[in-house]
Amino acid sequence: IARALFRFFEKFVSSLPLARTIYTAMKDIISALQPGKKGRSFRQVVIVEYPRPGLKTIGFLTNELKIIDAGRTEEMVSVYLPNPPNPTSGFFILVPQNEIKLLDMSVEEGLKLVLSGGIVTSGTVKCKS
């Protein structure tokens with residue numbers, strides 16, 4: 001019965017243009033946050049200079065990609081920067097591969113650190129060699 005009600009709800013939401021867009025995006029983000037979804041989740045915890053040089057932000061590596069422009073190829077990574085305390089709200093940025101540093105912490109530890117606003121931390125953030 002619950003599955004049938006859920007399918008009905010999804011069909012109803014899918015019939016509403018704005019609601020469909022928001023619901024689908026939220027569903028994909030929540031799916032990405034679930035552990036064990038290979039290829040669709042946060043891969044690594046990273047530190048990047050953002051929003052300006054000199055300031056550092058912790059984010060989550062989500063993918064690697066190449067940008068080809070006028071025959072020139074740039075190696076980039078996509079990084080998701082969640083807004084505390086709601087991980088479904090945040091920024092998506094593309095960063096040159098050589099401008100990120102991988103952190104020596106699990107994704108779960110990174111989420112705790114970011115979503116607590118820095119309260120839950122050991123006091124040390126170590127970059128991988």
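The protein carries 17 positive and 11 negative side chains, and the centres of the two sets are 8 Å apart. In this count Lys and Arg are positive and Asp and Glu negative, while His and the chain ends are left out; each charge is placed at NZ of Lys, CZ of Arg, CG of Asp or CD of Glu. The model is a predicted one, in which local features need pLDDT of at least 70 and side-chain atom pairs count only at pLDDT 80 or more, whereas totals for chains, interfaces and linings use all residues. Residues are numbered from 1 along each chain as its sequence is written, and side-chain values use heavy atoms, with hydrogens and water left out.

The secondary structure consists of three helices and five strands, in the order α-α-β-β-β-β-β-α from the N terminus. Helices (H or I, at least four residues) and strands (E, at least two) are DSSP runs, numbered from the N terminus. The radius of gyration, taken over C-alpha atoms, is 18 Å, whereas a compact globule of 129 residues would have a value near 14 Å. The rule for such a globule is 2.2 Å times the number of residues to the power 0.38. Along the principal axes, the C-alpha atoms fill a box of roughly 50 × 45 × 25 Å.

Of the 129 residues, 26% count as buried, where buried means under 20% relative accessible area, exposed over 50%, and partly exposed in between.

In soluble globular proteins, nonpolar side chains tend to be buried together. A nonpolar core is here a set of buried Ala, Val, Leu, Ile, Met, Phe, Trp, Tyr and Cys residues joined through side-chain atoms within 4.5 Å. The largest such core has 12 residues, including Phe42, Val45, Ile58, Tyr80, Leu103 and Met105. The elements that give two or more residues to this core are β1 (44–49), β2 (56–69) and α3 (107–115). Helix α3 provides the largest share, four residues. Apart from this core lies another, of nine residues, among them Val46, Val48, Leu81 and Ile100.

Contact means heavy atoms within 4.5 Å. Residues 24 or more positions apart account for 35% of the contacts with a separation of 6 or more. Beyond four places in sequence, Leu103 touches Val45, Val46, Ile47, Ile58, Val125, Lys126, Cys127 and Lys128.

Two loops have local backbone features. In the loop between β1 and β2 lies Pro51, which is joined to Tyr50 by a cis peptide bond with omega of about 10°. The loop between β2 and β3 (72–83) holds Ala70. Phi of Ala70 is near 55°, a positive value in a residue other than glycine, and Ala70 is exposed, with a relative accessible area of 80%.

Asn83, in strand β3, is partly exposed at 27% relative accessibility. Leaving out residues up to four places away in sequence, Asn83 touches Ser89, Gly90, Phe91 and Leu115. Pro96 belongs to strand β4 (residues 86–96) and is partly exposed at 22% relative accessibility. Setting aside neighbours within four places in sequence, Pro96 is in contact with Glu75 and Met76. The C-alpha atoms of Pro96 and Lys66, 30 residues apart along the chain, are separated by 9.6 Å.

Technical notes. Buried means under 20% relative accessible area, exposed over 50%, partly exposed in between (1.4 Å probe, protein chains only).
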